[in-house]
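Please open the structure in your viewer and keep the sequence panel at hand.

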Amino acid sequence: MPDVPAASPSSASALSVVIVGAGPRGTGLLERIAANAAELYDGTPLDLHLVDPFPPGGGRIWRSEQSPLLWMNSMAEDVTMFTDETVEAAGPIRPGPSLAEWSAGVRGGEFAATGLDAHTRAETAALTPRSFPSRRLQSAYLAWVLQRAAAALPPGITLHIHPHRAVRVTGPRDGRQSVRLEGRDRPLPADLVVLALGHLDADPGQQALAAFAAERGLTYLPPEFTADSDLGALPPGGPVLVRGLGLAFVDLMVLLTEGRGGRYEEGAGGALTYRPSGREPVLHVGSRRGVPYHSKIGYTWEGEPPPLPRFFGPAQVDEVLARPGRPDFRRDVWPSVAKELGFAHYHRLFAVHPERTAMSWADFEEKYAAAGPGDADLAALAASAVPDPADRLDLDALDSPLSGLRFDRPEELQEALRGRIEADLDRRHDPARSPDLAVFLGLLSVYGQMLRLGDVGPWWHGFFSLLASGPPAPRLRQLLALSRAGVVRFLGADTEIAADPVRGVFRASSPSVPGAVTEARALVEARLPEPTLERTRDPLLRSLYAGGDGDGAGATATPAGLLAVTADDGRIIDRSGRPHPRRFALGPHTDARASGAFTRPRTNGPAFRQNDATARALLSFLRGTACPGA
């Protein structure tokens with residue numbers, strides 16, 4: 001990558017920080033180190049090492065070498081790598097362009113973008129702020145951000161790029177660490193180590209299904225990054241069972257249809273018709289909820305946002321943390337979260353659509369505030385104040401939309417789900433339903449507060465993704481076309497998949513269609529691996545978890561298997577329960593994971609706050625530290 005040096009000899013007399021992972025999180029941390037250096041860096045020679053076998057900036061997930069058919073899940077105007085005036089951080093604010101602004105700057109000659117292929121150059125030329133960019137374009141933006149951050153480092157700080165995989169960290173709590181790299185004899189010395197590893201591979205949780213597939217010559221694709229899956233193992237025309245209806249499924253759907261030569265034709269009213277290539281398999285897809293994530297909202301916010309946080313803010317988090325023992329999410333946290341989301345929803349409804357309410361906002365707000373979190377009074381109040389059930393917020397129904405529904409035939413389920421997806425697309429593009437966007441803002445606010453609680457279990461992240469991290473609307477329109485064409489078949493909610501040793505196949509069933517069974521010789525787990533220390537394939541994390549780091553410090557796993565870190569600056573909690581003074585971690589494998597890969601501008605993004613706190617902790621530790629051999 002131009003403008004950023006490849007690995008070069010580090011100075012034996014310099015201090016050293018090793019950042020393992022050069023994707024968005026490592027890049028964001030580098031930007032914060034550069035921003036805070038003016039205040040905290042004392043001029044002592046410092047080597048910064050970025051270690052990643054994939055290209056710096058994008059890393060593995062956002063590398064340029066992937067299909068141009070794969071999109072980001074956010075509009076270009078909603079993606080930034082730079083802080084703004086909303087970010088509550090001790091370090092300086094250093095504004096920079098969003099992805100949309102950067103693309104416009106590239107078109108206008110303000111910013112240089114190197115290494116763009118013809119497809120990405122054409123995309124840049126046509127990009128609008130509300131476009132859903134390709135991951136290739138995002139990769140180019142991230143590479144530019146990294147170059148800009150590297151250029152902002154002061155004299156005395158030297159950046160080194162190592163295209164290797166880090167496999168082990170050793171060293172005493174009170175001394176220098178050593179980071180061993182795959183394919184390199186000598187380890188990197190490190191006064192401090194940061195693990196910014198991103199999404200990781202893991203051993204499949206369904207070992208029995210994987211073993212059954214191996215014994216019977218079936219195809220089993222475990223949870224993994226879809227762009228790395230061996231989709232060539234899925235034959236044309238044959239049935240394939242798919243477990244998961246989230247974003248990994250959307251990628252799978254794209255690569256097995258358009259990626260195999262299929263195309264869409266747009267008819268009257270914008271409806272799509274899919275023209276198959278004949279090389280597609282038939283995807284039978286189910287999940288716990290049985291429905292895809294909600295569409296991205298297709299309108300912009302107007303007016304004042306809801307005053308958040310209101311019922312789930314620092315005071316409520318302090319109260320939860322003050323209770324003895326580990327918090328129970330459903331008992332101790334969810335009632336206040338639900339009240340917060342309800343407040344955001346009804347604040348917006350009363351503000352812009354008072355004609356759809358039956359009392360004044362002042363009366364409603366007073367009664368809403370007086371009711372305790374989780375009280376039945378809240379639902380009764382909403383029923384009396386909001387006549388139309390479609391204007392009320394029903395979080396249970398959103399979480400389990402097919403609960404209690406039964407269909408006599410599979411075709412009835414297909415029709416019902418197509419109708420549901422069409423209704424969702426209509427609603428998510430109707431500004432009259434802007435309380436939905438207020439709930440989205442509420443979810444972002446809640447996620448920012450949730451970081452202090454650490455590991456709250458997997459349900460919350462899944463529910464957040466269902467409402468706030470769904471696919472672009474064009475993808476759901478494509479899904480409708482594929483369903484009408486018979487290329488995608490919905491299985492229903494609470495899908496169960498079992499091995500049939502008699503027939504030698506996988507069998508899928510769902511209570512949504514009692515008695516219906518679908519058989520296939522291929523099964524795809526359409527989701528990312530769970531980021532657990534116990535099952536991770538990352539050798540460095542495996543070593544830490546096993547305590548094989550030389551001094552037995554190791555690492556602590558949360559009940560959900562995440563890497564435990566301090567909430568303020570990301571220090572790894574060792575096996576004794578103490579924060580390690582020289583080891584840090586940021587990202588989805590930790591219990592302080594943020595809500596998504598990227599931050600929307602002007603939302604006080606948690607990742608910015610975390611990166612800033614960690615950068616300041618690193619520089620503060622190094623300030624006044626003597627160089628090796630001094």
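What follows is a sequence of selections, each with a note on what is found there.

This is a predicted model, in which local features need pLDDT of at least 70 and side-chain atom pairs count only at pLDDT 80 or more, while totals for chains, interfaces and linings use all residues. Residues are numbered from 1 along each chain as its sequence is written, and side-chain values use heavy atoms, with hydrogens and water left out.

Select leucine 308 and proline 309. The peptide bond that joins them is cis, with omega about -5°. Proline 309 belongs to the loop between strand 12 (282–286) and helix 7 (314–322); helices (H or I, at least four residues) and strands (E, at least two) are DSSP runs numbered from the N terminus.

Next, select arginine 602, in the loop between strand 19 (579–585) and helix 17 (606–622). Its phi is near 60°, a positive value in a residue other than glycine. Arginine 602 is exposed, at a relative accessible area of 56%; exposed means over 50%, buried under 20% and partly exposed in between (1.4 Å probe, protein chains only).

Move to asparagine 604, also placed in the loop between strand 19 and helix 17. Phi of asparagine 604 is near 50°, again positive in a residue other than glycine. Asparagine 604 is buried, with a relative accessible area of 16%.

Finally, select serine 465 in helix 14 (residues 458–468). Serine 465 is buried, its relative accessible area being 10%. Which residues does serine 465 contact, leaving aside its neighbours within four places in sequence? They are Tyr293 and Gly470, where contact means heavy atoms within 4.5 Å.
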